[in-house]
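Colleague: I would like to go through a structure with you and learn how to read its features. Please take them in turn.

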Amino acid sequence: MENNVIDSKIRAVQADVRVWLKENWHVNHSLLEWRNLLVESGWGVPCWPKAWYGRGLPADMETAVNGEFAAAGALGVARAGIRMLAAATLLEHGTEAHKQKFLRRILTGEDNWCQLFSEPGSGSDLAGATTRADLKDGRWLINGQKLWTTSAHHAEWGLLLARTDWDLPKHQGLSYFVLDMRQPGVEVQPLRQMNGHASFNQVFFDNAVIEPEYLVGALGDGWKVAMTTLAHERRSADGFRNWGKVSNGEGAIFEEERAENAIFNEPYKWYPQRAGRVDLIMQRARDSGLISDLRVRQEIAALLILSETAKWTAQRARAAQQLGRPQGPEGSLGKLAGSHIARAASRVHTLLGGAEVMLKGKDSEMQGLIAEILLSVPATSIAGGTDEIQRNIIAERVLGMPKEPRFDTGPFRDVPRGLKK
Amino acid sequence: MQYSFSDEQEQFRDIVARFMREKSPTSEVRKLMETASGYDANIWQQMNQELGLGALCIPEVYGGQGFGFVELAIVLEEMGRNLFCAPFFSSSVLATQAILNTATEAQKSAILPDIASGQRIATLAMCEANASWRAKDVSMLAEPVDGGFSLSGKKHLVTDGMYADTFVVAACVDNGAGKSEAAFFLVQSDASGLRRAEQDGIDATRKLAELEFRGVVAEMLGKPDSVKVDKSIAFSCVALANEMVGGCQYLLSSAVEYAQLRMQFGRTIGSFQAIKHMCADMLLEVELARSAAYQAAQAVHHAAQAESEDDSEMLALASLAKASVSDAYIRTAETCIQIHGGIGFTWDNDTHLWFKRAKSSEEFLGGPMLHRELLMQAWGV
């Protein structure tokens, strides 16, 4: 009975989208024209509030609406980069003026965004940020340095976490701002990684200026607002780069979207390699003839057992969630499992390559792809929370073990930081 | 594939778990493991009369309750968690799966009702000097004689062998084409020419025996079929994997609990990252192993209900689960002792009871190395 009601609601929404798409979707639109139509109709982000370019539909309708877009071959709003994290944060904590100024251009793709949280001195300890924001003559002056900022060089705006009070304990002295990236006080430099790519940037602030109305949330609420951003980042982690799936439609509008995606996909092109490329193992083992080597078979089986059981464990977590049962320990384990899988895969790729792993580049195995795997895997156990932080989280939140003793609860000014002298 | 248990299955688990907690505290385990039979006949009777566990996954036509393999896996997990001392695995898993997979209807009707009720305790005698539970490694020859087949030779590592009433014995017959095919044979404990001797097991809760056959006359179950013999062992591997997961969970909980009690350097050892991280790693390993065991239980559940032409995916999952859980169980046991420190190496501390079960189970029905290889073969690699 209840299911029938839900089904009929979904069907009604699907019918509405279908009619609207039939009347409005056309490949002769420019990408911007089309996205403006989407924004005005509310079908681009149907689960956003009606007041802000959405239709106020429940979150579970999104899949149904997306399905109609896919069936019609129609493009959606801009999703690339961290724009949706910015939007979610502004929808929750922003002022009317923020929403007015930023949301529409986020969806049309006219503005791009980056996230300015991590610093050289605050990685795992994100709340230890020391980039400072000082109020001078009614404007905020920003000084300091951010790190690991993806797409900073394409961004018009940045989500900035900066310290506004040094006398409060560290979490309480932070504030959250929107920073104009296109100004003289902001310098973006690419950061070269050990695998040779430069997917991230360092961003330097030298008296960069923020107008007071660009504070998001209250002064000193920076940590709370940043938690909203990070919660959305974690929630969307699985489907985060769905926008990276490039449509193969023909026409100028598709060309435009492909060009847009190409820019934003660029930093992520080695991400599959850092996860270890388990998918390549079996074929490589067959091609190399090592598949009949008993030792290699053992290593491959052990790796595949790890990756299969990790998949099932994630599925158990999802099933429990869907049934509304209390979240078991399965959910928090995925990231740690991913590190084990990546390292095991890297070992097997080495075993299969033998001395060939001494080479990289075009003439090496799989045109350098294997070398890229071996040189990218070390990022997996660090990016997005190190294995050690994950283990702390698992031990404390899942197993109920004691929290770490803290030495940073007093005024931030007195907290030891940086490198020990 | 399903990734959760139904509400009914969860309720069933609660009932079994309560029974195991009440009937199998470690004081009871320690008492029973010092006895020759290793179990309490009264509790065995209660288990069968009150909960009907012996009958659980035997079809109703043979006097069972007709539940599936997932329910059996739930029972075994709870037994493994509490080291429940009883011939359940021998009778209701090893022997029952062998009979269900190979015997004729008439044979099943004759044997299974007594196993279902718990009145008859059966077990499997398969492994020989080569320590293998695979059909191709069975070398005992079954010679056709009047009234059946004659068996000669030795079987060892026969669980509950000293007290079983009935043995399901693996032996081969010549299939006429110069090749031998494995089959199961039924032998009663009072058969003429059968001698049994106790074997001293590393795990005192798993009673072992060596059987010597001297021209014992036996009845063949069904027809010779090595594939079905291996399939019934695969089913038992999955059952064992689920039993082992219960033990893993006990060890993990025990280590985490102790780490929060034990004080050193003025703080609980559980407040040290060195210990917290060991516990987090243990949890990860146990949950991955649990996923393997549950997934395999479902595969067997379906394979047992619908006769399928191709069992390779079920066989793959069975080996995957046995390999995964074997590694997880012994590592969890080692870590649990490590976290307990010196006290964990003493007889009075309970950890060694599970450590010994883990070590014994690691190689029982084939070790992790063998099963990783069998996994690759089942995947067609």
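Colleague: Does A:Val348 count as buried or exposed, and how many C-beta neighbours inside 10 Å does A:Val348 have?

Modeller: Before the answer, a caution: this is a predicted model. Burial is read from a neighbour count, and a residue is buried if 20 or more other C-beta atoms lie within 10 Å of its own. A:Val348 has 23 such neighbours, so A:Val348 counts as buried.

Colleague: Where is A:Val348 found, and which residues does A:Val348 touch beyond four places away in sequence?

Modeller: A:Val348 sits in helix 11 of chain A, residues 334-353. Leaving out residues up to four places away in sequence, A:Val348 touches A:Ile281, A:Glu299, A:Ile300 and A:Leu303.

Colleague: Take a residue in a loop next. Why is B:Arg206 classed as buried?

Modeller: The reading again rests on the count. B:Arg206 has 21 other C-beta atoms within 10 Å and is therefore buried. The loop that holds B:Arg206 runs between strand 6 (194-199) and strand 7 (208-221) of chain B. Apart from neighbours within four places in sequence, the contacts of B:Arg206 are B:Thr159, B:Gly201 and B:Ser360. B:Ala86 is 120 residues from B:Arg206 in sequence, yet the two are 8.8 Å apart C-alpha to C-alpha.

Colleague: Now helices. What span does helix 10 of chain A reach, and what span is expected?

Modeller: The end-to-end span is set against the one expected from the residue number. Helix 10 of chain A (residues 294-322) has 29 residues and reaches 42 Å from its first C-alpha to its last, close to the 42 Å expected at 1.5 Å a residue. After helix 10 of chain A comes A:Gly324, with a positive phi near 70°.

Colleague: Where is the kink in helix 5 of chain A centred?

Modeller: A kink is read from local axes along the helix. In helix 5 of chain A the kink is about 30° and is centred on A:Phe102. The span of this helix, residues 96-108, is 19 Å over 13 residues, close to the expected 18 Å. A:Gly109 follows helix 5 of chain A and has a positive phi, near 90°.

Colleague: Which residues of helix 5 of chain A are buried, and what do they pack against?

Modeller: A:Phe102, on which the kink is centred, is one of the buried residues of helix 5 of chain A; the others are A:Leu103, A:Ile106, A:Leu107 and A:Thr108. They pack against helix 2 (31-41) and helix 4 (83-93) of chain A.

Colleague: How is chain A divided into domains?

Modeller: A domain may consist of more than one segment. In chain A, domain 1 covers 1-77, domain 2 covers 96-101 + 107-235, and domain 3 covers 270-398. The C-alpha centres of domain 1 and domain 2 of chain A are 33 Å apart. Ten residues of domain 1 of chain A are in contact with four residues of domain 2 of chain A. On the domain 1 side of chain A, the residues that touch domain 2 are seven nonpolar, two polar and one charged.

Colleague: How do I judge the overall form of each chain?

Modeller: Chain A has 13 helices and eight strands. Its radius of gyration is 24 Å, close to the 22 Å the rule gives for 421 residues, so chain A is as compact as a globular protein of that length. In chain A, 36% of the 421 residues count as buried.

Chain B has eleven helices and nine strands. Its radius of gyration is 21 Å, close to the 21 Å from the globule rule for 381 residues, so chain B is as compact as a globular protein of that length. Of the 381 residues of chain B, 55% count as buried. The C-alpha trace of chain B spans about 75 × 45 × 40 Å along its principal axes.

Colleague: How many residues of chain B are in contact with chain A, and which helix of chain B gives the most to that side?

Modeller: An interface can be read by residue count, by element and by class. Here 29 residues of chain B are in contact with 30 residues of chain A. Helix 8 of chain B gives the most to the chain B side, with twelve residues. By class, that side of chain B has 15 nonpolar, nine polar and five charged residues.

Terms used
Residues numbered from 1 in each chain as written. Chains lettered and ligands numbered in written order. Predicted model: local features only at pLDDT ≥ 70, side-chain atom pairs only at ≥ 80, totals over all residues. Helix = DSSP H or I, 4+ residues; strand = E, 2+ residues; numbered from the N terminus. Expected span 1.5 Å × (residues − 1). Bend = angle between axes of the 7 residues up to and from the residue. Buried ≥ 20, exposed ≤ 12 C-beta atoms within 10 Å, placed from the backbone. Contact = placed C-beta atoms within 7 Å. Domains from an automatic or database assignment. Nonpolar A, V, L, I, M, F, W, Y, C, P; charged D, E, K, R; others polar. Rg over C-alpha atoms; globule rule 2.2 N^0.38 Å.
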